[in-house]
Amino acid sequence: MVKVGIPRALLYYQYYPMWRRFFEGLGAEVIVSPPTTQATLASGSSRVVADTCLPVKVSCGHVLALTDKCDCIFIPALRSIKKKIYNCSKFLGLPDMTRAVIPECPPILDIDIDINKGKRRLYQAIYKLGRHFSWNPLEIRKAALAAWQAHQEYKELMVNQGLTPPRAIASISGEETTPTSPDKAAIALVGHPYLLYDELINHRLIHRLEQAGYRVLTPEMLTAQELETAITRLTGRPYWTYEEEVVGSGGHYLESGVAGVIGVVAFGCGPDSLMMDMVQRQAIKLGTTPFMSLTLEEHTAEAGVVTRLEAFLDMIQRKKRKQADICV
Amino acid sequence: MTFPHMGNIWVGVKAMANKLNVDLVVPPPTSQRTLSLGAKYSPEMACLPFKLTLGNMIEALELGADTIATVGQYGPCRFGYYHKVQEEILRELGYKFYMVKESLGIMNMVKYLTNGAPLPEIISGFRFGLAKLEALDEVEKVVYKVRAIERDKGSATRIYKDAIKAIDSAEDYKALKRAEQEHLQKLTGLPTISSPDPLKIGVIGEFFILIDPFANMDIEIELGKLGVEVRHPQSIREWIRFNPLLITLKLREKDKSIRAAKPYISSHIGGDGRQSVGEKVLHASDWDGLIHIQPFGCLPEIMARNIMPSTREKLPVLDVIFDELTAKAGMLNRLEAFVDIIQKKKRDKICA
């Protein structure tokens, strides 16, 4: 059986169930790299130039962790998933870059997804990917449809039950998940999934917030409709593929009555440097919901993150007390 | 009306505006103040071109401009997103202006800016502006060659500055041609050093930094002083010359470098990243070195830098990264060291 390696980085959190269903449907075995560790990060950053952004370094580390464990590695180049909206350079060149910086890497399965080129090209791309495993176009079609189905179920799980992607993946795999009680005060996290759910690089942010007694809301829990309205309100026509994760969810949560919003960005992230700025400006303009921006990089110390988080939560508490006092 | 600076583009824009009777405010030349203003109000991690263009806009608004023309285009580089954030920042600073942006559609944009001038007039104005830029480019090309071998360092740069002024003040095609010829002659007539065999170093990278002498701290002049002939494949000319034949046949310099990069970058990654890799592949045999310049945090160029070392075609590359804190002395040191190494390599090759 062919072993397909999937790095637990970047797009993994958005599309893993879909990919797994596709490859398993074609009779391949899927191997996911283990969760990020300090060693993953260190090995990844040793390969690329210093100012490459954190998530790409992590991704290289995961590819390195997979090199001798599988026959090929799946690294898609997602150019555009909506008309005239492009992804960031890092995603476009990811397969090429990985090949260049990790020469010992097993063959890379790349698939070019670009909606601008039309549906036909998309189907061709999927077929080309499937051809590595099967000669039968019908079988590839079946696997692709099943994969799409899996993706829809995955998304529904997150929107309807308010699960975070790692929990939704666990629940699909049959593990027990404890639903969070909706009566707790909520803190919204805004940012790309590869920052929010990688426990090493964000120093277990979600866990810490839940320990402090908050319910955590993330961009994946919003419907496409909600995200789109928020983007249109804030910046007009979306420009980047994952703008909705930042501007959309940020804009939505700032006006949804949550206790606070935390914007998580990676140092050196080009799109976020401008998008998170728009969210921050909106937060200042509204002046109702507390907002904190948290920049992550490979040297971010845990203590620093914890201190800032505590200060932010204290501030929210104080605000609540003050409001209660006024009512009395 | 005003627009942000980008190298010598203002000469062309000014010519167009004059022809079309548009009241144009050319922002003051980019200076340290521009940069400080821009950096102060920009998001911390935005790249240098963002900060500089924002600074230009502020300085132009101070001079009373009320309309800002920007270029925004959909693509993977941050560039196309600039105007959204910049508009927001300027409004927060309390300026009142109208921003002409791409979302209006190109025809509406032109119509608005020219107060509805008839189309033939617009086209002729446009052509004259482009002609000026081409003339400048022509002079610039010779300047690169002469700078490396002139006997009295700095004279070519002086003539170049005169040429910009002369071309800027040219009223019609005839005067333009005369200004161009005159300065070209002056340049070729400069006394040169006795045995000229200058190093040829390509300067490539992010377009804005490449063509804006303030942003790149006159890297070309400095290289000239070190006796290096600068090769500059991505000139303004490439950018503005609409030659439909060359475009459809894919014969422009740009297309050549993109083809050369094909084995390493299969498709568009935004900005000029693909060309940067392509230039290295293309010119590995006829250049002595490459200087890859870029603003700090530039997405496409970081990708290019990651990919470049793995090409089979070998060529020494120096990365120079600019941001608002880059010190000129640091850059000069690195340039000198790089040129020394290449010079030694070249000597060794000849001796062997």
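Buried residues make up 50% of the 328 residues in chain A, a residue being buried if 20 or more other C-beta atoms, placed from the backbone, lie within 10 Å of its own. In chain B, 46% of the 352 residues count as buried. The model is predicted: local features need pLDDT of at least 70 and side-chain atom pairs count only at pLDDT 80 or more, while totals for chains, interfaces and linings use all residues. Residues are numbered from 1 along each chain as its sequence is written, and chains are lettered from A and ligands numbered from 1 in the order in which they are written.

The model scores ipTM 0.82 and pTM 0.85. For chain B the mean pLDDT, the predictor's confidence in each residue from 0 to 100, is 83, and 91% of the residues reach 70 or more.

**Chain architecture**

Chain A contains 14 helices and 10 strands, where helices (H or I, at least four residues) and strands (E, at least two) are DSSP runs numbered from the N terminus. Its radius of gyration is 20 Å, close to the 20 Å that the globule rule gives for 328 residues, so chain A is as compact as a globular protein of that length. The radius is taken over C-alpha atoms, and the rule is 2.2 Å times the number of residues to the power 0.38. Chain B has 16 helices and 6 strands. With a radius of gyration of 21 Å, close to the 20 Å from the globule rule for 352 residues, chain B is therefore as compact as a globular protein of that length.

| Chain | C-alpha extent along the principal axes |
|---|---|
| Chain A | about 75 × 40 × 40 Å |
| Chain B | roughly 65 × 45 × 45 Å |

Two residues are in contact if their C-beta atoms, placed from the backbone, lie within 7 Å. Among contacts between residues at least 6 apart in sequence, 70% in chain A join residues at least 24 apart; the corresponding share in chain B is 74%.

**Domains of chain A**

The domain assignment, which is automatic or from a database, gives domain 1 (3-160) and domain 2 (181-327) in chain A. The centres of these two domains of chain A, taken over C-alpha atoms, are separated by 27 Å. In their contact, 24 residues of domain 1 of chain A meet 24 residues of domain 2 of chain A. On the domain 1 side, α1 (12-25), α2 (38-45), α3 (54-66) and α7 (137-161) of chain A each supply at least two residues, with the largest share, 4 residues, coming from α3(A). That side has 15 nonpolar, 7 polar and 2 charged residues; Ala, Val, Leu, Ile, Met, Phe, Trp, Tyr, Cys and Pro count as nonpolar, Asp, Glu, Lys and Arg as charged, and the others, Gly among them, as polar.

**Contact between the chains**

The contact between the chains takes 33 residues from chain B and 29 residues from chain A. On the chain B side, the elements that give two or more residues are α4 (82-92) and α15 (299-307) of chain B. The chain B side divides into 17 nonpolar, 12 polar and 4 charged residues.

**Nonpolar core**

A nonpolar core is a set of buried Ala, Val, Leu, Ile, Met, Phe, Trp, Tyr and Cys residues joined through C-beta atoms within 7 Å. The largest has 191 residues, and those touching the most other members are A:Ile187, A:Ala188, A:Leu189, A:Val190, A:Val261, A:Val264 and B:Ile307. Helix α6 (residues 119-149) of chain B contributes the largest share of this core, 9 residues. Beyond its neighbours within four places in sequence, A:Val261 is in contact with residues including A:Ala188, A:Val190, A:Leu254 and A:Phe291.

How values were computed. A residue is buried if 20 or more other C-beta atoms lie within 10 Å of its own, exposed if 12 or fewer, and partly exposed in between; C-beta atoms are placed from the backbone.
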